[in-house]
Amino acid sequence: MNLVESLSPESQRLLAVWNALAPPIRPSPREIELYARCWTGGAGAQVLVQGMTSELVDLAIRQGASRVSGMDWREAMFPAMRCLGKEDWSQVENIVCDWRTFNPQLEGALDLVLGDGSLTMIAFPEDWERALQILQRYIVPGGRAVLRLAFQLEEDFDFGSYLGKTLAHFDRECAKATPVQRAGLLRGLIAEIRLAIGLGSAGQTGAVDLGRRADLTRLSCTELTARYSHWTEWETLQVALPSEENARKGIRTGKGVPRWEAARQLLEACGFRVRHVEWTGTRPAPGAMRLFAAERE
Ligand SMILES: C[S@@+](CC[C@H](N)C(=O)[O-])C[C@H]1O[C@@H](n2cnc3c(N)ncnc32)[C@H](O)[C@@H]1O
């Protein structure tokens with residue numbers, strides 16, 4: 001039996017989903033380089049990855065961290081992401097825990113916390129505040145949280161016109177693409193639309209309106225299915241489509257997409273000083289994803 005066959009059905013499902021996703025929902029090699037530049041604690045750093053993003057666990061191993069832990073409340077995530085990892089995960093610690101629950105074993109124990117889309121999954125501002133207060137207790141003074149998260153754009157975001165323009169552009173690109181390139185483009189399109197749905201359903205306060213999220217999810221999935229479900233790639237990639245039902249129930253769905261300024265104020269109130277912030281990528285729009293390094297005071 002190979003490694004994938006030995007996974008539980010839930011881990012196999014998670015692996016299929018993450019295999020079908022691409023940047024911008026997964027970090028690109030350039031973004032991983034940005035995380036590396038924000039590294040603190042040197043070789044030997046004690047690192048926690050919020051969620052089990054395989055690219056971040058791999059980065060921590062490559063940087064020579066003395067302790068690498070991943071924290072995810074879903075037990076099935078660790079074995080699934082381990083299959084995506086390129087490094088040796090035998091020493092990686094799997095901490096099954098909600099980011100909003102204090103874990104006494106980590107108090108004052110970390111130099112660095114890395115996260116990709118992590119806080120995006122919990123409500124802004126109340127759950128972010130709770131999670132940041134907890135991180136403040138885990139990280140040593142001078143240590144950092146380096147996170148790449150979704151933020152609201154400076155100007156209004158009209159989801160309908162975004163979707164129309166993006167699909168038209170996609171069709172033009174596909175017309176000149178080889179079959180292999182076309183599969184890569186579709187993978188990127190689905191990942192990008194997932195982020196755009198979050199942007200289009202966030203209100204001024206940073207809270208995601210779950211009813212609106214479900215409506216935008218239905219609209220997107222209907223469009224994508226009508227246009228591309230006859231493609232051969234569809235069979236493996238459709239697993240990455242967001243679920244309208246989950247969005248409506250608030251399960252496995254983004255809940256916090258604040259304005260950057262509101263997030264920065266909350267970081268400061270929770271004992272962090274922002275040392276670096278950078279817009280990464282242009283999809284679904286410039287400024288939608290930002291990577292920042294917040295230093296624990
Ligand atoms: C790291 S996040 C986001 C990944 C992806 N880059 C994105 O932007 O969608 C995904 C992981 O967070 C985990 N997760 C979500 N909320 C959580 C919470 N409150 N505590 C612990 N893990 C959580 C999920 O189980 C999932 O495996």
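**Entry 1: the ligand**

How many residues surround the ligand, and which are the closest? I found 18 residues around the ligand, and the closest are G51, W73, W99, G117 and M121. For this I called a residue near if its C-beta atom, placed from the backbone, lies within 6 Å of the molecule. I then sorted this shell into seven nonpolar, five polar and six charged residues. My classes were these: Ala, Val, Leu, Ile, Met, Phe, Trp, Tyr, Cys and Pro count as nonpolar, Asp, Glu, Lys and Arg as charged, and the others, Gly among them, as polar.

A note to myself on the source: this is a predicted model, where local features need pLDDT of at least 70 and side-chain atom pairs count only at pLDDT 80 or more, while totals for chains, interfaces and linings use all residues. Residues are numbered from 1 along each chain as its sequence is written.

**Entry 2: W73**

W73 sits in the loop between β2 (67-72) and α4 (77-84); helices (H or I, at least four residues) and strands (E, at least two) are DSSP runs, numbered from the N terminus. The scale I used calls a residue buried if 20 or more other C-beta atoms lie within 10 Å of its own, exposed if 12 or fewer, and partly exposed in between, with C-beta atoms placed from the backbone. Leaving aside neighbours within four places in sequence, W73 is in contact with V96, C97 and D98; contact here asks for C-beta atoms, placed from the backbone, within 7 Å.

**Entry 3: the whole chain**

I counted eleven helices and seven strands in the chain. The radius of gyration of the chain is 19 Å, close to the 19 Å that the globule rule gives for 297 residues, so the chain is as compact as a globular protein of that length. That radius is taken over C-alpha atoms, and the rule is 2.2 Å times the number of residues to the power 0.38. I also saw that buried residues make up 42% of the 297 residues.

The chain is divided into domain 1 (9-151 + 258-296) and domain 2 (159-249), with bounds from an automatic or database domain assignment. Their centres, over C-alpha atoms, are 24 Å apart. Domain 1 brings 20 residues to the contact and domain 2 brings 16.

Next I looked at the largest nonpolar core, which has 75 residues; V47, A60, V113 and L114 touch the most other members. Such a core is a set of buried Ala, Val, Leu, Ile, Met, Phe, Trp, Tyr and Cys residues joined through C-beta atoms within 7 Å. Helix α7 (residues 179-201) gives the most to this core, with nine residues. Why does the core lie between the domains? Domain 1 and domain 2 both give residues to the core, so it lies between them.

Most residues other than glycine have a negative phi, and most peptide bonds are trans. I went looking for exceptions. A cis peptide bond joins P23 and P24, with omega about 10 degrees, and P24 lies in the loop between α1 and α2 (29-37). The bond from R283 to P284 is also cis, with omega near 0 degrees. R252 is not a glycine, yet I read a positive phi of about 50 degrees there. R252 lies in the loop between α10 (244-249) and α11 (260-269), and I marked R252 as exposed, with 12 other C-beta atoms within 10 Å.

How values were computed. Contact = placed C-beta atoms within 7 Å.
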